[in-house]
Amino acid sequence: MRENLMDPPSDQAERDMMSWGDGTVSNELFVAAIESCPIGISISDATKPSMPLIYVNSAFLGITGYFLQEVVGNSLNFLNGPETDSEAVRRVAATLCMNEPVDAEVLQYRKDGVPFWCELRMTPLSQDGQIVALIGVHNDITEKRQQRMEDQRRQKLQALGQLAGGVAHEINNLLQPILTYSDLVLSGTDDPSTMRRMNRVVASAEKARDIVRGILRFSRGETAPASATALQPALIESLEFVRGLLPVTVAIVVRGLDSALGHARISEVELTQVLTNLLNNAAQAMGERGTITIEFEADNLEPQQALFLGMAPGRVCRVTVTDNGPGMDETTLAHVFDPFFTTKPLGQGTGLGLSVVYGIIQNWHGTISVTSLPGQGARFVFHIPCVAPNT
Ligand SMILES: Nc1ncnc2c1ncn2[C@@H]1O[C@H](COP(=O)(O)OP(=O)(O)O)[C@@H](O)[C@H]1O
Ligand SMILES: [Mg+2]
């Protein structure tokens, strides 16, 4: 190869490759360019009713996991599956029929069954007023989309937290006299019927107080006292407690729980609360049968990574909780941390678990995020900032 691209080409082969210099581009060069493109490209034959694919580039095969011979001859719809939005697919087809390009984001499926979010741009090519081919540009945006959802979620929860926190604070103030005066009435009577009634008042007020506390934790209004805590022993104890709550049919695999995790300014009670909620949810989602994997890692967040996570740079403990349950659809995923969001039947879920988890981790100046695709389990990742011992 030439050292300097401005030097004239030295041999014939290179001169052929440089043929754009005379205003023409060889077919080989076109194909090489499209093959080296990091975005999937497809061409479908629009003269046939089934619009079979006649060409896809290497990036398309990389995204979908298929071999070329498995793709060619199929209609592009072969990538769609049970959770693909059929309305979006219909809209794409209808726009193309009008000879117009169309953009869409659709959930598609790889050969191994793993879904991915595809950003699609389809452009019809016409000859003499007839659509002869469809050019597809396919981009796997699963990660980008999850990051976008994460950003939206952060903003929404901040606003929701302010509102909910204000209401919870007011209700909390009203609950205090209800509980105090009920106790006074109870201690001054031995009339069984008054006692029965007052006990019901107390029970209801206590339940309300628990809910309000959950909201206050979510909205960062209430924090448990925290001190520099050695993470390894605290996590071992928390996990032992949670293990006892879960049925034996749920296997728990723990990795990386060692002393390298260091210390963090947290409360052990809250740590247990976080793990209890995450593991309980995973166990319930899996129908109390399956495997939950918990991985612990010590890491050092570089400024760029920290910015991405919305945390300060420095040492962190990363905890990843993965289950092999049914996962979540987009709507559930968008709302998991919202207070009172639950998909469980009335009486089984309060929808407060994950909002409390979110609030606790925020109070630790950490972050939590979730990724999931339908049928692929769920993965919650949280980061806790580390501190020096005795601080
Ligand atoms: N591991 C998981 N797998 C699938 N769905 C989950 C998982 N964890 C949470 N969810 C979803 O998030 C919702 C909210 O969870 P949470 O705030 O703990 O409230 P609750 O458990 O009372 O419903 C659940 O109802 C469920 O739909
Ligand atoms: Mg829960």
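Begin by colouring the protein chain by its three domains: domain 1 (37-140), domain 2 (145-218) and domain 3 (227-387). These bounds come from an automatic or database domain assignment. The model is predicted: local features need pLDDT of at least 70, side-chain atom pairs count only at pLDDT 80 or more, and totals for chains, interfaces and linings use all residues. Residues are numbered from 1 along each chain as its sequence is written, and chains are lettered from A and ligands numbered from 1 in the order in which they are written.

**The whole chain**

Select domain 1 and domain 2 together; their centres, taken over C-alpha atoms, are 52 Å apart. Then display every C-alpha atom of the protein chain: along the principal axes they fill a box of roughly 105 × 50 × 40 Å. The radius of gyration of the chain is 29 Å, whereas a compact globule of 391 residues would have one near 21 Å. This radius is taken over C-alpha atoms, and the globule rule is 2.2 Å times the number of residues to the power 0.38.

Switch to a cartoon view, in which twelve helices and twelve strands belong to the protein chain. They are DSSP runs numbered from the N terminus (helices: H or I, at least four residues; strands: E, at least two).

**Helices α7 and α12**

Select helix α7 (residues 192-218) and helix α12 (residues 353-363), whose axes come within 7 Å and cross at roughly 45°. Axes are lines fitted to C-alpha atoms, for helices over the stretch in contact, and angles run from 0 to 180 degrees between N-to-C directions. The two helices, α7 and α12, are therefore oblique to each other (under 35 degrees is roughly parallel, over 145 roughly antiparallel, 65 to 115 roughly perpendicular, and the rest oblique). Show G214, R217 and F218 of α7 with S355, V356, Y358, G359 and I360 of α12, which make the contact (C-beta atoms, placed from the backbone, within 7 Å).

**Helices α8 and α9**

Next select helix α8 (residues 231-245) and helix α9 (residues 268-285), which pack at about 40° with axes 9 Å apart. Here too the description is oblique, for α8 and α9. Among the residues that meet are A234 and L245 in α8, and E268 and L279 in α9.

**Residue D258**

Finally, select D258 in the loop between β7 (250-255) and β8 (263-266). D258 is exposed because 10 other C-beta atoms lie within 10 Å (20 or more means buried, 12 or fewer exposed, and in between partly exposed, with C-beta atoms placed from the backbone).

How values were computed: Contact = placed C-beta atoms within 7 Å.
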